[in-house]
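Keep the viewer open as you read.

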Amino acid sequence: MSPDSTMDGIDGRVPLNARDITTGQANRVWSVGGPTPYILKHYGDPSRAANEAAALRLMATHHAPAPQLLAASSGSSTPPWTAQTALHAKPVPVDRLLADLAEPLAAIHRIPGTHFGRLVSARQYRRWTDYLHNRLHTYATAAPALRATVRLLHQEVEAGENTIQPVLLHHDLQPGHLLREPVGSRLLIDWELAIFGDLRSDLARLAVRLDLDDPTPVLALASQPDPTTESRLHLYWHIHLVADAALSTDGAVRERAAKRLLSWR
């Protein structure tokens, strides 16, 4: 089935038989039964809805381990929405996450891109460093107290390699986003923050979401590591900590990230 603005009566409205399964703060999510069971997702940000739809379409062409997009809103829909295949799967326990994530994440990281940054609805970059500098500028603007830390990270970014080949990143890896189906297959869900970039940034984001004091354990997921892998992982880990300290809507998350950054400086 190819995704369209509507399919089999799916039009973005919440059916009477829908069951609210919302877990995030920014979006509403329902499980809908019927002839075509599906997951309906309403977004607070239209650009994230468009980005997730684009990511799911891209992964379908590569037979990647993700839900299938059944339908999606047009640009004028309010709220923006997607309908995705219902999955008979359970979240992988945290103590199994790194082991079970290796195979599906490697499949995702084999999907190439032609630019850096978001898939759609955002500025696209020719260089990975340009994307990183832009993100750091955003964080410093949002949290002036972090400007000294951000200045150091700008310097590290500029001093690093600039020959990264863009690949698809989930960029919101965390417990709950990896599911295991009854047949044993693993699928990754929640693709609204997907970007093209350096796969080590995906691993660093996971280290932050696992609340690790050091990101080194996630190196087990690095495919074909080279001498720069560990240093770049630490750089991206610090950048993601700055993102949390500057932009997280959860006060506890902001405070925890800020404390880790202070210990680094």
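The text below covers confidence, then sheets, then helix packing.

This is a predicted model, in which local features need pLDDT of at least 70, side-chain atom pairs count only at pLDDT 80 or more, and totals for chains, interfaces and linings use all residues. Residues are numbered from 1 along each chain as its sequence is written, and side-chain values use heavy atoms, with hydrogens and water left out.

The mean pLDDT (the predictor's confidence in each residue, from 0 to 100) is 92. Some 96% of the residues reach 70 or more. Over residues 1-5, pLDDT is below 50. That stretch has 15 contacts (heavy atoms within 4.5 Å) beyond near neighbours in sequence.

Helices (H or I, at least four residues) and strands (E, at least two) are DSSP runs, numbered from the N terminus. The sheet is open, with order 1-2-3-5-4 and antiparallel pairing; strands pair if DSSP finds at least two bridges between them. Strand 1 (19-20) and strand 4 (69-72) are the edges, each with a single partner strand, so one side of each has no neighbour in the sheet. Strand 2 (residues 28-32) and strand 3 (residues 38-42) are joined by five bridges. One of the bridge pairs is Val-32 with Tyr-38 of strand 3. Helix 1 (residues 46-61) packs on this sheet and touches strands 3, 4 and 5 (81-85). Its direction makes about 150 degrees with that of strand 4; angles run from 0 to 180 degrees between N-to-C directions, and axes are lines fitted to C-alpha atoms, for helices over the stretch in contact.

A three-stranded open sheet has the order 7-11-8, again with antiparallel pairing. Two bridges join strand 7 to strand 11 (residues 195-197). Gly-117 stands opposite Phe-196 in strand 11.

Now the helices. Helix 3 (residues 128-142) packs against helix 6 (residues 229-247) at about 30 degrees, with axes 9 Å apart. By class, the contact has 11 nonpolar residues (Ala, Val, Leu, Ile, Met, Phe, Trp, Tyr, Cys and Pro), no polar ones (the others, Gly among them) and one charged (Asp, Glu, Lys and Arg).

Helix 6 also packs with helix 7 (residues 251-264), at about 140 degrees and with axes 7 Å apart. The two are therefore oblique, the class left once angles under 35 degrees (roughly parallel), over 145 (roughly antiparallel) and 65 to 115 (roughly perpendicular) are set aside.
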